[in-house]
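Work through the exercises below with the sequence and the 3D view open. Try each task before reading its solution.

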There are 2 protein chains.
Amino acid sequence: MSKSLIVLDDQTSLCCAPGAQLQLPSQQAGQPVCCAPLSRGQLTASQAEEVAPLLKALADPVRLRLMSLVASHPGGEACVCDLNEAFDLSQPTISHHLKVLKDAGLLDRDKRGVWVYYRARTQALASLGLLIGSPPL
Amino acid sequence: MSKSLIVLDDQTSLCCAPGAQLQLPSQQAGQPVCCAPLSRGQLTASQAEEVAPLLKALADPVRLRLMSLVASHPGGEACVCDLNEAFDLSQPTISHHLKVLKDAGLLDRDKRGVWVYYRARTQALASLGLLIGSPPL
DNA sequence: CCAAGACATTGATGCTCGTCTATCTCTCTG
DNA sequence: CAGAGAGATAGACGAGCATCAATGTCTTGG
């Protein structure tokens, strides 16, 4: 597998740190472009196949709100019991959406006793935001 | 309608210019948060309903590559005839995907004679990238 | 050990989506 | 004006998705 376009792991350093988007190092000849934004150089088919599932996971109003609730929660994590109450949807439906976000690599799951806590992978969100949002050169 | 979270029009100035993501003005009490990123404050249900269609439009490998091809094309625009050749898909399928991107507000269409040119709405991409990618405070 | 509660899983249902073939509309050329 | 070519539209079809009710799996308290 080639170098990932999206950094999912908070432990891994970002090759394009947030805020550095305007001073991206110029592309080295022969080297794969890491974090190549959408507007600079064409995404390969395989890169597109890699990124699309992340966007698809986010491309639902309920999941967007879930991500926002979790990411903005004090402490960086939220209990499922709190999330369930924030929506007018059944508990299995919320559980399903959380699983979609977790499988996409946008949430981390942590079970502590009876309760389950989800945490946002801010690195993945940052990478995705840079990929989409960086302006053309 | 409340103030839009996503700036679609290149003529309109961005309330959160690219690169300004780390120095966002502190939220004024009582004022709606413009361009409130995903990780800061919870998206309302209506805001999520507004943003999700944009992400859904992008959340397809073919459309991601189309956006990338158009956005990175010299001159900022690309002819449909060139785009058709870049994919192993039928012409109506490409036309359909371009329409989805245009209806979402991510592409502008310009017919000149026999040919049709599409141009990326970089402002919309920038807003979307900031919304997703800005880190929590 | 048992009952209760938190969350996940299963299976069903109706809707949306990506793709295709066929056809249509528009514009230029001869 | 007729034909050709560029691109859009229409309709069909199979796959995928969001939701729910019902049920299953853990974990804790008594």
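**Exercise 1: DNA strand D**

Task: Which of the 24 residues around DNA strand D come nearest?

Solution. The model is a predicted one. Begin with chain A, where Pro92(A) and Thr93(A) are among the residues that come nearest to DNA strand D.

H4(B) gives the most, with six residues.

Last, sort the residues by class: the surface near DNA strand D has 13 nonpolar, nine polar and two charged residues.

**Exercise 2: DNA strand C**

Task: Which element gives the most to the surface near DNA strand C?

Solution. Start from the 25 residues around DNA strand C. The ones that come nearest are Cys81(A), Pro92(A), Ser95(A), Pro92(B) and Gly113(B).

Now list the elements that each supply at least two residues. In chain A they are helix H3 (80–85), helix H4 (91–104) and strand E3 (115–120), and in chain B helix H4 (91–104). From this list, H4(A) gives the most, with six residues.

Sorting by class gives 13 nonpolar, nine polar and three charged residues for the surface near DNA strand C.

**Exercise 3: the sheet of chain B**

Task: In what order do the three strands of the open sheet in chain B lie?

Solution. The order is E1-E3-E2, and the pairing is antiparallel. To check the ends, look for strands that pair on one side only: these are the edge strands, E1 (77–79) and E2 (107–112) of chain B. From one strand to the next, the twist averages 25°.

Then take one pair in detail. E1(B) and strand E3 (residues 115–120) of chain B are joined over three bridges in the antiparallel sense. Within E3(B), Tyr118(B) is the residue opposite Ala78(B). As background, strands of a sheet pair through backbone hydrogen bonds, either parallel or antiparallel.

**Exercise 4: the contact between the chains**

Task: How many residues does the contact take from chain A and from chain B?

Solution. Count each side on its own: chain B gives 40 residues and chain A gives 40 residues. On the side of chain B that touches chain A, helix H1 (45–58), helix H2 (61–71) and helix H5 (122–133) of chain B each supply at least two residues. By class, this side of chain B has 24 nonpolar, eleven polar and five charged residues.

Methods:
Residues are numbered from 1 along each chain as its sequence is written. Chains are lettered from A and ligands numbered from 1 in the order in which they are written. This is a predicted model: local features need pLDDT of at least 70, side-chain atom pairs count only at pLDDT 80 or more; totals for chains, interfaces and linings use all residues. Two strands pair if DSSP finds at least two bridges between them. Helices (H or I, at least four residues) and strands (E, at least two) are DSSP runs, numbered from the N terminus. Axes are lines fitted to C-alpha atoms, for helices over the stretch in contact, and angles run from 0 to 180 degrees between N-to-C directions. Two residues are in contact if their C-beta atoms, placed from the backbone, lie within 7 Å. Ala, Val, Leu, Ile, Met, Phe, Trp, Tyr, Cys and Pro count as nonpolar, Asp, Glu, Lys and Arg as charged, and the others, Gly among them, as polar. A residue is near a molecule or strand if its C-beta atom, placed from the backbone, lies within 6 Å of it.
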